Amino acid sequence: DFDRAFNIIDKEYFPLAGPEVNEGGRLPGPFLYILLAIPLLFNYSYESIFVFNFILNIASVVTLFFVVKRFFGFYSASFSTILFLINLQHIDSAGFPINPAFIFPFIILFMWFLLEFALNKDPKFLPLIVLVISLAIQLHYSVATYIFIPILTAIIFRIKIPLKFIFLSFLVIIICFSPYFIYKHQMHEPNFKDKFSSIEDTKPSVSQLFDRVTVQNTIKRLTFSNGVNSWELFRHRYALVNYLILNVSFIYLVILVIKNIIIKRNLHSCRKEIIVLLMFYIPALIYEITRPHNSHSWYNYIFIPPTVVVIAVFLASLYQNAKTRFTTILLTASTLVLLGYLTNYTEFAFHRYKRTIERQLVGMKAVPYKNTSFLIKKLLNELQLSPEEYFKRVYFDRFSPFSLKRLQLMKKSTRVKPENNIRNSEKTCFYLVDYLLDNSNL
């Protein structure tokens, strides 16, 4: 993926489709590579993409605060931002810039546009919603579960959409996916399996059906079986706390909505809660039916912003309904304990994870990042390949090989030392091919 972004900058090759998916085929559009090319305009290096991913994640946190504050108030915004900041899967994605890691800004934008569309009944935001979904699907197919949310929102709140905005939305879809249509016309792809696991033919039991309707399997997926290493990061006790607080928040909002709609017959008073529930429940219900890969933690990224808002709205509602000073003090103490535990565990988990990784690669001895060049050289010697032969074999048809400019790219990183302002430059694994041949010292 990174190399395709470099190809765009080098004007060697413009991809028409996105990254390859596990079961075959490619994602429907080149938006990921256009996005990855942005930081390369400012700094022609691989590290710039990592930094860009980090900046986008920080921007997502800031945007989430202002969006939630605009529609739900300061308390909900504060709680959701804190929970988003200390979410282990979100933190993990910031340092692992595969294609799904870039969807967070688009999820926040989708939330903003959806709230404007539903609460203000403003149809001008429909094309923007379609634009965000169309671009985000090119980052990962899981975002396709959002398609039904604006449709159901328009039906529930009886939003009248002028024909021109519907036409504009279809035009956005055609423009966003036109490169992929050209790619499909030019290239033949063999049939491949569905993106999701096959659905069971056997009739589910009553308990299984209840779990699916109440999305319990998806909630367990987000906590106990989320694909994140359970020993280093998601231990059972931490997963249990997340499972309980998410379930309680979800059930509370469901009861609140049912109470207002059926008993009080007042849909207007719980519009915000309905939208939050739709953002979580509709994708969760689709996951219950399709059951995508459990081992892939990035399939859960689409749930992170909605779940933190669900929990934040629940906590803020408790404060709003507190009638005595003692209740407020008790809620404050409980909330501080919960947030303190989650924050402390996040710090503990990543310090432990870092220590584990440092001992994982070569027995009990760590292999620093800069020494990857030594491993690559040993691999080339083992296969009796020159670097030129290696690149010819790795980069197949429809890929441009490394440009001379990229092969000659020299990355120099500096670090401040107390006794000396600048440390000697270090070359990392993906620079000069000559470096792979001439330098093999650990």
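Is Tyr238 buried or exposed in this structure? Tyr238 is buried, at 3% relative accessible area, where buried means under 20%, exposed over 50% and partly exposed in between, using a 1.4 Å probe and protein chains only. Before you dig in, note that this is a predicted model, in which local features need pLDDT of at least 70, side-chain atom pairs count only at pLDDT 80 or more, and totals for chains, interfaces and linings use all residues. Residues are numbered from 1 along each chain as its sequence is written, and side-chain values use heavy atoms, with hydrogens and water left out.

**Aromatic pairs**

- The structure holds 22 aromatic pairs; rings of Phe, Tyr and Trp (its six-membered ring) pair if their centres lie within 6.5 Å, and planes under 30 degrees apart count as stacked, over 60 as edge-to-face and the rest as tilted.
- Phe224 and Tyr243 make a tilted pair, because their ring planes meet at 50°, with the centres 5.4 Å apart.
- This pair links distant parts of the chain, 19 residues apart: Phe224 sits in the loop between α11 (216–223) and α12 (236–263), and Tyr243 in helix α12. Helices (H or I, at least four residues) and strands (E, at least two) are DSSP runs, numbered from the N terminus.
- Phe224 is partly exposed at 30% relative accessibility, whereas Tyr243 is buried at 15%.
- Tyr238 and Tyr341 also form a tilted pair, since their planes lie at 40°, and their ring centres are 6.4 Å apart.
- Here too the pair links distant parts of the chain, with Tyr238 in helix α12 and Tyr341 in helix α15 (residues 325–358), 103 residues apart.
- A cluster linked by ring pairs takes in Phe65, Phe66, Phe74, Tyr75, Phe79 and Tyr319.

**Cysteines**

- A disulfide is a covalent bond between the sulfur atoms of two cysteines.
- Searching the whole structure turns up 0 disulfides, with a disulfide taken as a pair of cysteine sulfur atoms within 2.5 Å.
- Cys176 counts as buried because its relative accessibility is 11%.
- Cys270 is buried as well, at 1% relative accessibility.

**Positive phi in loops**

- Most residues other than glycine have a negative phi.
- Lys121 has a positive phi of about 50° although it is not a glycine. Lys121 is placed in the loop between α6 (104–119) and α7 (125–137), and its 45% relative accessible area makes it partly exposed.
- Arg158, another residue other than glycine, has a positive phi near 50°. Arg158 belongs to the loop between α8 (148–156) and α9 (163–186) and counts as exposed at 73% relative accessibility.

**A nonpolar surface patch**

- Ile147, Phe148, Ile151, Leu152, Ile155, Ile156, Ile258, Ile261, Ile262, Ile263 and Leu267 form a nonpolar patch on the surface, with about 970 Å² of accessible area together.
- Two or more patch residues come from each of α8 and α12, and α8 gives the most, with 5 residues.
- Ile151 is in helix α8 and is partly exposed, at 46% relative accessible area.
- Patches are made of residues with over 30% relative accessible area and no salt bridge, joining like charges within 9 Å and nonpolar side chains (Val, Leu, Ile, Met, Phe, Trp, Tyr) within 5 Å.
- A salt bridge is a side-chain nitrogen of Lys or Arg within 4 Å of a carboxyl oxygen of Asp or Glu; accessible areas come from the Shrake-Rupley method with a 1.4 Å probe, and for residues only the protein chains shown count as cover.
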